[in-house]
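Visitor: I have the sequence and the structure open, and I am new to this. Can you walk me through what is there?

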Number of protein chains: 2
Amino acid sequence: MTNSFIPPVRTLMGPGPSDVSPRVLEALSRPTIGHLDPAFVGMMDEVKSLLQYAFQTKNELTIPVSAPGSAGMECCFVNLVEPGDTVIVCQNGVFGGRMKENVERIGGKAVMIQDDWGKPVDPQKVEEALKQHPEAKILAFVHAETSTGVQSDAETLCRMAREHDCLTLVDAVTSLGGTPLKVDEWGIDAIYSGTQKCLSCVPGLSPVSFSARAIEKIKARKTPVQSWFLDLNLVMGYWGGESKRAYHHTAPVNALYGLHESLLILEEEGLEQAWSRHQRNHAALKAGLERLGIDFLVDPEARLPQLNAVNIPQGVDDAKIRTRLLDEYNLEIGAGLGALAGKVWRIGLMGHASNMKNVMFCLAALADCLS
Amino acid sequence: MTNSFIPPVRTLMGPGPSDVSPRVLEALSRPTIGHLDPAFVGMMDEVKSLLQYAFQTKNELTIPVSAPGSAGMECCFVNLVEPGDTVIVCQNGVFGGRMKENVERIGGKAVMIQDDWGKPVDPQKVEEALKQHPEAKILAFVHAETSTGVQSDAETLCRMAREHDCLTLVDAVTSLGGTPLKVDEWGIDAIYSGTQKCLSCVPGLSPVSFSARAIEKIKARKTPVQSWFLDLNLVMGYWGGESKRAYHHTAPVNALYGLHESLLILEEEGLEQAWSRHQRNHAALKAGLERLGIDFLVDPEARLPQLNAVNIPQGVDDAKIRTRLLDEYNLEIGAGLGALAGKVWRIGLMGHASNMKNVMFCLAALADCLS
């Protein structure tokens with residue numbers, strides 16, 4: 001016979017999931033109700049408004065996809081890209097590569113712009129690509145690269161795309177709630193995020209938002225969306241503002257209780273306050289790491305406060321230190337991903353986990369393990 | 001400012017979600033850990049074994065897809081069907097139609113076998129279709145039609161398919177845990193289910209299982225799987241038995257705690273005992289409904305004990321009664337779906353909700369509302 005799974009109590013300072021607030025954990029355990037229950041439908045409307053606030057958008061089509069961030073990414077691509085479409089994809093880490101995969105599996109053509117891992121997307125290269133590819137319909141890039149801890153200048157990239165009549169498709173998995181992100185002001189057309197990073201909800205949902213221009217492109221499609229589950233024409237019927245909601249799929253009811261509560265916490269604190277808290281704790285962590293002789297992968301101006309990619313000091317055994325942190329301190333920090341495996345650690349200070357206690361704890365534990 | 005969402009406490013006797021055990025709700029609220037944490041990986045292995053028990057299979061590839069049942073359906077189709085493939089699809093309710101959608105969005109050809117809603121799939125029609133379409137590679141059907149409360153003879157259908165060298169793709173969303181289902185004995189090649197029906201976990205995950213023959217077909221594909229998120233070649237690297245797990249997507253950690261606990265409850269009770277409990281409570285409900293003059297849509301031999309589709313008595317206002325049940329009794333029963341809207345109610349006795357107290361309560365509340 002198997003036993004109930006009682007997880008260890010960790011401090012989650014990796015690239016996500018991050019520490020989840022006890023308020024959110026409690027919300028998850030509230031009694032399940034039907035996904036067509038009027039009470040549930042009312043809560044869904046609140047989730048939509050709270051997400052609009054988090055994304056800083058008035059987009060009507062702002063909803064949580066009922067699956068993790070990678071499904072949110074796929075939702076954006078399969079709805080906006082048709083076979084034969086050219087998409088300019090910026091890659092400066094793991095997730096730009098995943099965007100390419102998405103474009104190609106739809107039968108689209110991905111024009112790749114490569115930047116070094118740890119560097120932001122270079123706007124000049126983007127400008128050139130936009131000029132060279134007037135047939136391109138979409139510019140896709142990652143706002144906050146979870147694999148490298150770098151943030152790119154989304155505002156500038158979106159302005160350029162608009163000037164070339166391109167839609168923008170933006171990965172905000174790690175930025176939402178942690179660092180300034182202004183969907184309407186910057187003119188982002190399609191955006192996806194995750195719940196397990198700076199929103200400090202559990203993993204499993206992917207907030208997305210689409211501009212009127214994006215919806216226009218979706219409605220003008222000549223081919224059906226290749227995914228039934230992610231087809232926004234159907235999803236809209238379920239999440240739309242209509243009085244009668246069409247059944248599409250069974251919503252993950254309790255996960256949405258958790259998201260509702262986490263977005264409420266964000267609203268209570270205020271977005272600007274959350275952004276400055278992330279910045280403040282990043283500064284404290286940075287000061288402490290420098291005292292330990294640990295430096296950053298990313299140049300100061302492009303660093304994400306919520307995800308600190310630092311170079312593993314020479315001669316230090318990556319896996320051994322992370323195992324000690326986990327076993328002796330119940331502290332999780334992230335390993336490097338892809339090309340950066342073994343070279344960097346990724347120390348997250350995301351959402352609920354971005355607090356002074358975690359900063360001090362992590363520094364002390366690291367100092368102990370490295371001494 | 002928005003307030004925390006405190007859901008009403010309902011009794012869920014619709015087509016799902018069904019009542020969730022307090023043990024499962026508590027499990028959801030346990031502290032989140034990382035999706036690559038060794039403790040989590042150990043729990044994943046247990047979830048796999050527990051699912052193998054529930055499905056009665058030794059299939060190595062038996063995992064929960066990180067999204068609801070409709071994504072589980074899509075996972076089976078996008079991996080097994082390639083553009084140009086012929087798939088024989090049996091439709092006797094809403095979900096056979098959704099299977100057709102899936103086949104066509106992949107570029108496959110769906111040969112439809114139609115049976116009346118409320119009737120099981122007719123094996124003779126299937127035999128004829130298999131003979132007429134020797135090019136067919138897959139036979140797809142719904143074991144337990146959630147829209148009509150009917151079960152089809154999966155064992156016979158699978159035997160026929162095998163004789164014609166066809167793989168079988170089976171919807172077991174409503175059957176798993178509630179009514180006999182034997183993946184290996186019956187020779188099912190690909191199967192998907194949901195967590196919110198007879199497993200009495202929350203909605204949001206879709207258990208799937210694939211036979212060696214199915215995996216062979218997936219590995220022999222000439223085209224890439226059109227979905228990155230659902231590509232089993234990638235998912236296997238994450239859930240596979242290897243010591244080093246490749247990062248694919250962030251697993252819905254807390255939802256998996258819930259699934260683990262719900263599968264544990266099933267193991268403790270025993271599958272056969274769970275099946276007879278569903279049968280026993282169905283018999284009690286049936287006796288009571290007959291006393292109220294309410295009869296069943298489905299013939300006795302094809303009725304699902306866990307989902308009772310009954311004809312709405314003449315002159316009775318469908319919506320009014322369901323609203324009264326919800327408002328006055330906090331009791332949810334299901335409306336008809338598609339062609340059966342307004343004609344039937346669907347009364348679920350699924351998983352944790354299949355108990356004598358619910359039977360008596362539902363009968364008393366219905367009697368009151370109909371008097």
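Guide: Take one pair to begin: A:Leu169 has A:Ala190 as its bridge partner in S9(A). Helices (H or I, at least four residues) and strands (E, at least two) are DSSP runs, numbered from the N terminus. This is a predicted model, in which local features need pLDDT of at least 70 and side-chain atom pairs count only at pLDDT 80 or more, while totals for chains, interfaces and linings use all residues. Residues are numbered from 1 along each chain as its sequence is written, and chains are lettered from A and ligands numbered from 1 in the order in which they are written.

Visitor: In what sense do strand S8 and strand S9 of chain A pair, and over how many bridges?

Guide: Strand S8 (residues 167-171) and strand S9 (residues 190-192) of chain A pair in the parallel sense, over three bridges. Two strands pair if DSSP finds at least two bridges between them.

Visitor: What is the order of strands in the open sheet of chain A?

Guide: The order is S2-S10-S9-S8-S5-S3-S4, seven strands with mixed pairing. Strand S2 (61-65) and strand S4 (109-114) of chain A are at the edges; each has a single partner strand, so one side of each lacks a neighbour in the sheet. On average, neighbouring strands of this sheet are turned by 15 degrees against each other, direction ignored. Axes here are lines fitted to C-alpha atoms, for helices over the stretch in contact, and angles run from 0 to 180 degrees between N-to-C directions.

Visitor: And what is the order in chain B?

Guide: Chain B has an open sheet of seven strands in the order S2-S10-S9-S8-S5-S3-S4, with mixed pairing. Its edge strands are strand S2 (61-65) and strand S4 (109-114) of chain B, each pairing on one side only. Inside that sheet, strand S3 (residues 86-91) and strand S5 (residues 136-142) of chain B pair in the parallel sense over four bridges. B:Thr86 stands opposite B:Ala136 in S5(B).

Visitor: Which strands does helix H4 of chain B touch?

Guide: Helix H4 (residues 94-106) of chain B packs on the sheet and touches S3, S4, S5 and strand S8 (167-171) of chain B. The direction of H4(B) makes about 165 degrees with that of S3(B). Two residues are in contact if their C-beta atoms, placed from the backbone, lie within 7 Å.

Visitor: At what angle do H3(B) and H4(B) cross?

Guide: Roughly 40 degrees, and the axes of helix H3 (residues 69-80) of chain B and H4(B) come within 10 Å. That makes H3(B) oblique to H4(B). Angles under 35 degrees count as roughly parallel, over 145 as roughly antiparallel, 65 to 115 as roughly perpendicular and the rest as oblique. The contact uses B:Met73, B:Glu74, B:Phe77 and B:Val78 of H3(B), with B:Arg98, B:Met99, B:Asn102, B:Val103 and B:Ile106 of H4(B). By class, these residues are six nonpolar, one polar and two charged. Ala, Val, Leu, Ile, Met, Phe, Trp, Tyr, Cys and Pro count as nonpolar, Asp, Glu, Lys and Arg as charged, and the others, Gly among them, as polar.

Visitor: What about H5(B) and H6(B), at what angle do they cross?

Guide: The axes of helix H5 (residues 123-132) and helix H6 (residues 154-163) of chain B cross at roughly 15 degrees and come within 10 Å. H5(B) is therefore roughly parallel to H6(B). H5(B) contributes B:Pro123, B:Val126, B:Glu127 and B:Leu130 to the contact, and H6(B) contributes B:Thr156, B:Leu157, B:Met160 and B:Ala161.

Visitor: Changing topic, how many residues of the two chains are in contact?

Guide: 65 residues of chain A are in contact with 65 residues of chain B. H10(A) gives the largest share of chain A's side, eight residues. That side has 32 nonpolar, 21 polar and 12 charged residues.

Visitor: What rotation superposes chain A on chain B?

Guide: A rotation of 180 degrees, with 0.0 Å of shift along its axis and an RMSD of 0.0 Å. The two copies are thus related as by a two-fold rotation axis. A:Ala67 has the C-alpha of chain A nearest the axis, 2.5 Å from it. Copies are superposed by least squares on the C-alpha atoms of residues with pLDDT of at least 70 in both.

Visitor: Last one: which residues does the cis peptide bond in chain A join?

Guide: A:Gly16 and A:Pro17, with omega about 0 degrees. A:Pro17 lies in the loop between strand S1 (11-13) and H1 of chain A.
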